Amino acid sequence: MKYLKYSSLPILLLASFFNIWIDIPGFSATTTLFFGIGAYCAIHHISLIKISKMLFIPSLIFSLICVLLLFYNFIPLLVFNIVGLPMFIYLFYLLTHNNGSCPKVLSGSSMFIYVAHGYIVESPNVWGIVNRILPSNIIGNLVGYLLVPAFAITILVLLNFVLRKFVPHTMSIICGR
């Protein structure tokens with residue numbers, strides 16, 4: 001990120017899009033891409049919040065288009081995730097900074113959510129329940145796609161809170177704080 005200044009993110013994007021990566025569980029091209037975006041912004045002193053705010057409206061519009069394209073299998077999920085990233089980052093920022101300070105339980109959970117969300121969001125069991133409860137149409141799919149991450153975030157914030165109480169040293173190793 002530091003030395004391949006302008007080529008690092010395009011290389012990670014291509015590796016993620018074509019799924020060319022080292023086969024190590026939990027270490028995929030997509031997770032490395034999103035971690036790389038954060039690292040790139042931190043190393044080069046770029047405000048992810050300012051960029052997300054600037055791209056919020058286009059991201060919202062293109063995310064809605066991507067939902068339709070996803071429903072008809074015209075694009076891979078990765079495209080939606082990349083297009084929607086500014087929207088989700090800025091929405092999370094607005095939710096956590098509406099009164100000038102982020103609740104500690106949320107700010108202290110961000111790395112834990114990043115590390116563990118895939119186990120819930122990608123779980124066939126979770127999606128099986130969602131598919132049984134919600135109608136199998138575009139609205140049901142959209143609601144499920146929004147509810148599952150919200151459910152994952154809620155569960156992981158609570159789990160992070162409990163684990164930090166009972167195993168703080170282990171959590172500081174996992175989350176870096």
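The largest pocket holds about 2300 Å³ of space. A pocket here is an open set of points on a 1 Å grid over the protein atoms alone, where a 1.4 Å probe fits, with protein on both sides within 12 Å along at least five of seven lines. Grid points are joined across faces, edges and corners, and a volume is the space filled by probe spheres set on the points. Lining residues have an atom within 4 Å of a point. The largest pocket has 49 of them, and Phe34, Leu85, Ile113, Tyr114 and His117 are the closest to its centre.

The model is predicted: local features need pLDDT of at least 70, side-chain atom pairs count only at pLDDT 80 or more, and totals for chains, interfaces and linings use all residues. Residues are numbered from 1 along each chain as its sequence is written, and side-chain values use heavy atoms, with hydrogens and water left out.

Which elements give two or more residues to the lining of the largest pocket? They are α1 (8-17), α2 (29-43), α3, α4 (77-96), α6 (110-121) and α8 (138-166). Helices are DSSP runs of H or I, at least four residues, numbered from the N terminus. The largest share, twelve residues, comes from α4. By class, the lining has 33 nonpolar, 15 polar and one charged residues. Ala, Val, Leu, Ile, Met, Phe, Trp, Tyr, Cys and Pro count as nonpolar; Asp, Glu, Lys and Arg count as charged; the others, Gly among them, are polar.

The second largest pocket has a volume of about 350 Å³. It is lined by 18 residues, with Ile51, Leu55, Ile82, Leu85 and Pro86 nearest its centre. Here α1, α2, α3 and α4 each give two or more residues. The most, six residues, come from α3. The lining divides into 16 nonpolar, two polar and no charged residues.

Now take α3 itself. Where does α3 bend? The bend is at Phe56, by about 55 degrees, and Pro58 follows within four residues. The angle is taken between axes fitted to the seven residues ending there and the seven starting there. After α3 comes Asn73, whose phi is positive, near 60 degrees.

Cys41 counts as buried because its relative accessibility is 8%. Cys66 is buried too, with a relative accessible area of 6%. The structure holds zero disulfides (pairs of cysteine sulfur atoms within 2.5 Å).

His45 lies in the loop between α2 and α3. Its phi is about 55 degrees, although it is not a glycine. His45 counts as exposed (over 50% relative accessible area) because its relative accessibility is 74%. Asn19 sits in the loop between α1 and α2. Its phi is near 50 degrees, a positive value in a residue other than glycine. Asn19 is exposed as well, with a relative accessible area of 61%.

Key:
Buried means under 20% relative accessible area, exposed over 50%, partly exposed in between (1.4 Å probe, protein chains only).
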